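Hello,

Here is the structure I promised to pass on to you.

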Amino acid sequence: MGSATVTSEHTSAGERLDPQVVLDLHRRMVRIRVFETEAGRLAEQAELPGFLHLYVGQEAVAAGAMSCLRDDDQITSTHRGHGHAVAKGAQFRPMYAELFGRVDGYCSGRGGSMHINDLSIGMLGANGIVGAGIPIAVGAAFASKYKGEDTVAVPFFGDGASNIGAFHEAANLAAVLRLPVVFVCENNGYAEFTPQAGHMLLEDVADRAAAYGMPGEVCDGMDALAVRETVQRAVDRARAGDGPSLVEAKTYRYYDHQGVKGLRKPYRTQEEIDAWKARDAIELIEARAAAAGVVSEEQFERVWAETRADAADAIEFARASPLPDPADIAQDVYTVMQAPQ
Amino acid sequence: MTTTVVPPGAAGTGVRELTYVKAFNEGLLQCMREDSDIVVMGEDVAGYGGVFHMFDGVLGEFGPMRAVDTPIAEMGLMGMGVGAAARGLRPVVDIMFMDFLAVCLDQLVNQAAKMKFMFGGSVRVPLTITTASGAGLGAAAQHSQSLEAWLAHVPGLKVAMPSSAYDAKGLMVSALRDDNPVVVMLNKLLLGAKGEVPEGLYDVPLGRAATLRTGTDATVVALGRMAVEAAAAAEELAAEGIEVEVVDPRTVQPLDTETIVESVSRTNRVLVVHEAVTFGGIGAEIAAQVQDLAFDHLDAPVARLGAPFTPVPFSPSLEKAYVPDRARIADGVRGLLARG
């Protein structure tokens, strides 16, 4: 991780820190951190049914990438999808309600944590199948091109998913059809519990881009500004009709693959975890902004306070939301067509 | 006696003979003229027109954005169809041979089929999957299967199995107009079979069976090409004084149980025929529904005729023994009448 210029008052491109950009990235990251920390707490209290794959630690990737996108740009996400949804603009109330399995959830309680979606903001869904969102994003990009829009599609996926066939097929398809896709690989070093060295011989997933004739670039996934700069180049390229790119963000998840704490034998050292936490994305941006004097501590604190209040409100809302009625179990299996005459 | 299927909404248009694949193709082209959201994507569907001529003329008339040749990458292709459908297009994804669906089942079964439900209803997936199915061409175990039972088992999918040129067009039109993922299984041996097809645009509703022949002694419910064989068997049996009613469900998801049960309640005997393996086939589902809904009408146990529990064999002698035909259907009916 050589690019950590923690106290620089400039971006890596040499531009002066823009307080609006800093605050935007910071807010997105804090919203993810608070949402996920609270979700983890609720899970530990056994209030949430099902699986929970928390995004804490990787916030800079979702925030940096999403800050380059518009509402009508499309994303697909993963089993670890809350961060992407929040950064894209999803609301806490229907998100928590979905985690609780309630009717006011994003999926009316039918999908849960791994299927949160909001088509109104271009969030085409988290996904329970590793790599499956990648070709779906390519299809969204095809639709953009077909309709003559300048929208782009961004599939998020991990280092583990970069081994699955769906990634390679989708990357080749996007390249050969010259589609507006930005493949964002969040390399958190582990495919579930298997370290990267055990699942691929490459050090950089970005090297895989060359196999499909597209640019591949690595960035510091703990530095939201660095992610933003790198993804922006790829988004610009896609919008201009120059085809897809692959961006790899090196990052780390603080919690376990599933849930908060590992239940079985540790597969990561405490030293490793501490080293990554020492470069925490939110602390990093707060420190840089303070050093540059572009955002005050009070401004940051206000964001934290507002976000915590938002989460508290949303959790109460979710708890009060009714459970789905079993009589409606078959609802939305099919889009009901008008009866033929 | 044979009943004529009246084409709904086709009044005033000429009827002429077309092959099954040409009728399918005509339905597709007519729908593409009506709806610019329909896009065809698949391997060799554009420049080559599809290996079975299913997509002849699409590239020429609609250009490369609506006839998209893709790499040989079924998972990517199917996923691209899902994503494009979720974004409002009406893609036709062609999977050249039905066997190849196994390469991309995740996108079909875990994504396309479930997306609407998982998302709490907020999305539509108007995706049509076309694929060639069925044995009889010596294409062996990986190019010959009829996997409708797999697909019909998945909530969220619809599955159509046209047995005539008329249905090939009408069911394809319904699939293209449906807002759900629909798999249209074209039978390879029927591609060149001719039948009467109206010139105009018409649809055959998904979930409505056709009674190909009325009869009083037994009902034969037959899927896909087996409906053609069953009709021929019925002719043969008529010469013996046995009147068989032939019901072609036309779609197995949704399944028109009502028509089947109504028929069985009059004939009191039923044989279900499909060319997929008997074990776990649609015949098992139909048998269960009939015994549940028409038990008191049955004079004999529900009989099934399908393929043996083996992969589709290559050698002509084995393949002939594998797929049911009119002679074995006729034998099956005779056996059914001898029981109870």
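**Between the chains**

With that definition, 36 residues of chain B are in contact with 36 residues of chain A. On the chain B side, α3 (74-86), α4 (105-112) and α5 (115-118) each bring at least two residues to the face that touches chain A. The helix that gives the most is α3(B), with 9 residues. Sorted by class, this side of chain B holds 16 nonpolar, 14 polar and 6 charged residues.

**Inside chain B**

Chain B is split into domain 1 (15-198) and domain 2 (210-338). Their C-alpha centres are 26 Å apart, and 26 residues of domain 1 of chain B are in contact with 24 residues of domain 2 of chain B. Which elements supply the domain 1 side of chain B that touches domain 2 of chain B, with at least two residues each? They include α6 (148-152), β6 (158-160), α7 (165-177) and β7 (182-187) of chain B. Of these, α6(B) gives the most, with 4 residues. The residues on this side of domain 1 of chain B divide into 15 nonpolar, 8 polar and 3 charged.

**A residue to look at in chain A**

F35(A) sits in helix α1 (residues 19-44) of chain A. Is F35(A) buried or exposed? A residue is buried if 20 or more other C-beta atoms lie within 10 Å of its own. F35(A) has 27 C-beta neighbours inside 10 Å, so F35(A) counts as buried. Beyond its neighbours within four places in sequence, F35(A) is in contact with H82(A), V86(A), F92(A), M95(A) and A311(A). For a sense of distance, G139(A) is 104 residues away from F35(A) along the chain, and their C-alpha atoms are separated by 30 Å.

**Confidence in chain A**

The mean pLDDT of chain A is 94, and 94% of its residues reach 70 or more. One stretch to treat with care is residues 1-7 of chain A, where pLDDT stays under 50. For those residues the model has 16 contacts beyond four places in sequence. Where pLDDT is low, the predicted coordinates should not be read in detail.

Terms used
Residues numbered from 1 in each chain as written. Chains lettered and ligands numbered in written order. Predicted model: local features only at pLDDT ≥ 70, side-chain atom pairs only at ≥ 80, totals over all residues. pLDDT = per-residue confidence, 0-100. Contact = placed C-beta atoms within 7 Å. Domains from an automatic or database assignment. Nonpolar A, V, L, I, M, F, W, Y, C, P; charged D, E, K, R; others polar. Buried ≥ 20, exposed ≤ 12 C-beta atoms within 10 Å, placed from the backbone.
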